[in-house]
Amino acid sequence: MNRDDVLLEVTDLRKVFSVPSGWGKRNREVTAVDGISFRVRRGETWGLIGESGSGKTTTGRMILGLETPTSGSIRFNGEELTGVSRERLRQLRQKIQVVFQDSGSAFNPRLPVGAQVGAPLRRFGLCTGAEAKDKAVDLMEKVGLESSHYDRYIHEFSGGQRQRLGIARALTTDPEFLVLDEPTAALDVSVQAQVLNLLKDLQDERGLTMLLITHHLALVEHMCDSAGVLHHGSFAEQGPVDVLLRTPESAITSALLEAVLEPQAAS
Ligand SMILES: Nc1ncnc2c1ncn2[C@@H]1O[C@H](COP(=O)(O)OP(=O)(O)OP(=O)(O)O)[C@@H](O)[C@H]1O
């Protein structure tokens with residue numbers, strides 16, 4: 001792999017949480033991420049797969065600067081992210097954005113959504129108020145909403161529309177990299193497909209690089225170029241998706257594949 005092609009390089013990343021065990025007892029240590037390494041090339045979608053508790057979200061949160069790694073390195077565009085100043089981290093958030101499972105909960109219920117979609121532009125000093133409104137309306141239309149939605153409140157939107165709003169807000173600062181943490185887990189299957197296809201179209205149009213966090217292998221097959229399967233904080237295996245899903249080497253990947261074939265797992 002040409003180094004210039006690599007946008008995100010994670011090396012030996014580790015996160016140990018110290019959890020209180022009760023009064024008078026010593027804290028218990030929980031190793032959420034246990035020394036993982038992977039590289040994401042520009043323009044690709046990398047899937048972080050694993051069962052509940054395997055360390056996916058903690059990894060995403062460390063990349064976003066929301067959690068401090070215990071050790072290891074995260075390089076973005078060649079720049080080391082661990083240990084950077086708060087101010088630099090704030091600047092980097094323009095380039096690294098996130099879409100969570102329930103984007104609606106990140107919107108203030110008492111303010112119109114449009115102003116909140118445009119808020120990062122004002123926060124980063126990228127636009128005046130009027131320009132921010134135009135850009136927010138453009139983005140809302142781009143994700144399949146209407147300009148008349150600008151003045152509505154979050155409770156007036158469906159689950160799928162809320163995810164579209166979350167995507168619009170994530171895109172306001174023209175990020176290079178999106179962390180998608182179970183972005184469609186709360187949606188009906190038909191709406192899931194619409195939101196995933198929207199993300200793919202936006203990726204093609206804007207050259208976005210994406211990290212898709214999910215426990216659902218069907219999503220990975222549809223969306224990802226490469227992926228890694230996490231198990232108890234370590235990779236059971238990683239590689240190109242077609243190889244990983246067709247000829248899995250680890251029992252963990254095989255078990256996840258079998259789960260997809262069971263009807264109840266599709267819900
Ligand atoms: N803030 C925290 N304090 C203590 N332990 C934590 C914290 N966050 C996560 N953990 C623990 O770290 C481990 C990995 O959690 P994480 O949320 O990263 O897994 P996950 O794969 O994203 O799971 P899920 O799919 O259920 O969201 C779990 O054992 C979890 O209980």
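**Strand S3 and its neighbours**

Visitor: Over how many bridges do S3 and strand S9 (residues 226-231) pair?
Guide: The model is predicted: local features need pLDDT of at least 70, side-chain atom pairs count only at pLDDT 80 or more, and totals for chains, interfaces and linings use all residues. Numbering starts from 1 along each chain, as its sequence is written. Strands are DSSP runs (E, at least two residues) numbered from the N terminus, and two of them pair if DSSP finds at least two bridges between them. S3 and S9 pair in the parallel sense, and the number of bridges is five.

Visitor: In S8, what is the bridge partner of Gly47?
Guide: S3 also runs parallel to strand S8 (residues 209-214), joined by five bridges. In S8, Gly47 has as its bridge partner Leu212.

Visitor: How many of the six residues of S3 are buried?
Guide: Buried means that 20 or more other C-beta atoms, placed from the backbone, lie within 10 Å of the residue's own. One side of S3 has Thr45, Gly47 and Ile49, the other Trp46, Leu48 and Gly50, and all are buried. The count for S3 is therefore, by that cut-off, six.

Visitor: What radius of gyration does the protein chain have?
Guide: The radius is taken over C-alpha atoms, and the globule rule is 2.2 Å times the number of residues to the power 0.38. For 267 residues, a compact globule would have a value near 18 Å. The protein chain agrees with this, at 19 Å.

Note on methods:
A residue is buried if 20 or more other C-beta atoms lie within 10 Å of its own, exposed if 12 or fewer, and partly exposed in between; C-beta atoms are placed from the backbone. Helices (H or I, at least four residues) and strands (E, at least two) are DSSP runs, numbered from the N terminus.
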